[in-house]
Amino acid sequence: MKRFLIYTTKILIVTALIAVVLDGLYTKVFLQSKNRGKIENVFNSEPQRYDVVILGSSRANNHFVSMMFEDKGLKTFNYGMSGGHLFEASLMLKLMIERKYTIKNVILEADLNLSNDKESEGVSAKFLPFIHNSEVIKNHFASQENFKELYYIPFYRYIKYDAKIGFRETYKIVTNQTTNALDNLGFYPLKKYKNGNMKNNIVNLNPLPHNKYYEEIKSICKANNINFIVVMTPMCENVVGMDYFDKVKKGYPEIHNYENVVVENKYFSSCGHMTDIGAKMFTARILKDFFKK
């Protein structure tokens, strides 16, 4: 029995040491990454100056044409993240402030994402390689149920989210493989597809009366003298339950409602995402209304 306990203890010690070493190696790889995605690009960057920073979900990523802002002399980047919630948008802005970014205007897409204050695991996982290297990332995740496991158990986060930050991703970083996430100044244009989902039902969707992460973004902008512009972006004409946007306006009167600026189905790739042409129409309206001078 004594030998068994000694043997088991040795295995546990060796396993723990391997986990510590692998954790360090993986983290070191991510600390060198700049061209795989928006999160590591910000984390590993020097202080930047922007006239316009765009935040939100795919409905920001696909709807705000960064180059049109640049054509007006406004240094801009679209940090919208497909699948992201306000949890990640808030953390992205916090990370920029931690990295000493100077930002004049933040445009936040806040509409459907106001209905929850949960993290999007697939997106939030991409912040986790840096959890020991950033106080804002650590503190942002501190309220999550699995924070202790993620923070204190070596290599746990890389195993749990292997599909996002595991071996395959580290290999692609090491071999200097890029993605299109940073192309077009962060804007991702969509095309019109014959089989695009042109039906959407949001009848049961309701905005939270007090979305924690929306309020965080609002407070960060105020504290850093950033002009805060919040908009609801368009949806196609087939949507059922469009009174959702009226509910948002009632609960958050400072949010500008642009859901009906573009409505025809021909300008949509799917019911919640405009094509490149639709995005240009929408962006032109935003520029006219907020950046005319």
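Mentor: Start with a single residue. This is a predicted model. Cys221 has a relative accessible area of 1%. Buried means under 20%, so Cys221 is buried.

Trainee: How many disulfides are there?

Mentor: Look for two cysteine sulfur atoms within 2.5 Å. The count here is 1 disulfide. Cys236 and Cys271 form the pair, with 1.8 Å from S to S.

Trainee: Where do Cys236 and Cys271 lie?

Mentor: Each sits in a loop. Cys236 is in the loop between strand 4 (227-232) and helix 13 (244-251). Cys271 is in the loop between strand 6 (268-270) and strand 7 (273-274).

Trainee: Is Cys236 buried or exposed? And what about Cys271, buried or exposed?

Mentor: Apply the cut-off again. Cys236 has 2% relative accessibility, so Cys236 is buried. Cys271 is buried too, at 1%.

Trainee: Now the largest pocket. What lines it?

Mentor: The largest pocket holds about 520 Å³ of space. Its lining has 25 residues. Nearest its centre lie Arg36, Gly37, Lys38, Lys126 and Ala181. Helix 2 (38-43), helix 3 (58-61) and helix 10 (162-165) each give two or more residues to the lining. Helix 2 gives the most, with 3 residues.

Trainee: How many residues of the lining are nonpolar, polar and charged?

Mentor: Sort them by type. The lining has 9 nonpolar, 9 polar and 7 charged residues.

Trainee: Let me take Arg36. Where is its place?

Mentor: Arg36 is in the loop between helix 1 (2-30) and helix 2. Its relative accessible area is 11%, so Arg36 counts as buried. Next, check its partners. The Arg36 side chain makes a polar contact with the Glu169 side chain, at 3.0 Å. Beyond four places in sequence, Arg36 also touches other residues, including Lys172, Ile173, Gln177 and Ala181.

Trainee: One more residue, please. Which residues is Pro129 in contact with, leaving aside its neighbours within four places in sequence?

Mentor: Find its place, then its partners. Pro129 is in the loop between helix 6 (121-124) and helix 7 (135-141). Its relative accessibility is 0%, so Pro129 is buried. Apart from those neighbours, Pro129 is in contact with Thr27, Phe30, Arg157, Tyr158 and Ile165.

Definitions and conventions:
Residues are numbered from 1 along each chain as its sequence is written. This is a predicted model: local features need pLDDT of at least 70, side-chain atom pairs count only at pLDDT 80 or more; totals for chains, interfaces and linings use all residues. Side-chain values use heavy atoms; hydrogens and water are left out. On a 1 Å grid over the protein atoms alone, a cavity is a set of points where a 1.4 Å probe fits but cannot get out, and a pocket is an open set with protein on both sides within 12 Å along at least five of seven lines; lining residues have an atom within 4 Å of a point. Grid points are joined across faces, edges and corners, and a volume is the space filled by probe spheres set on the points. Helices (H or I, at least four residues) and strands (E, at least two) are DSSP runs, numbered from the N terminus. Ala, Val, Leu, Ile, Met, Phe, Trp, Tyr, Cys and Pro count as nonpolar, Asp, Glu, Lys and Arg as charged, and the others, Gly among them, as polar. Buried means under 20% relative accessible area, exposed over 50%, partly exposed in between (1.4 Å probe, protein chains only). A polar contact is a pair of N or O atoms within 3.5 Å; within protein, one must be able to donate a hydrogen and the other to accept it, and residues adjacent in sequence count only if both atoms are side-chain atoms. Contact means heavy atoms within 4.5 Å.
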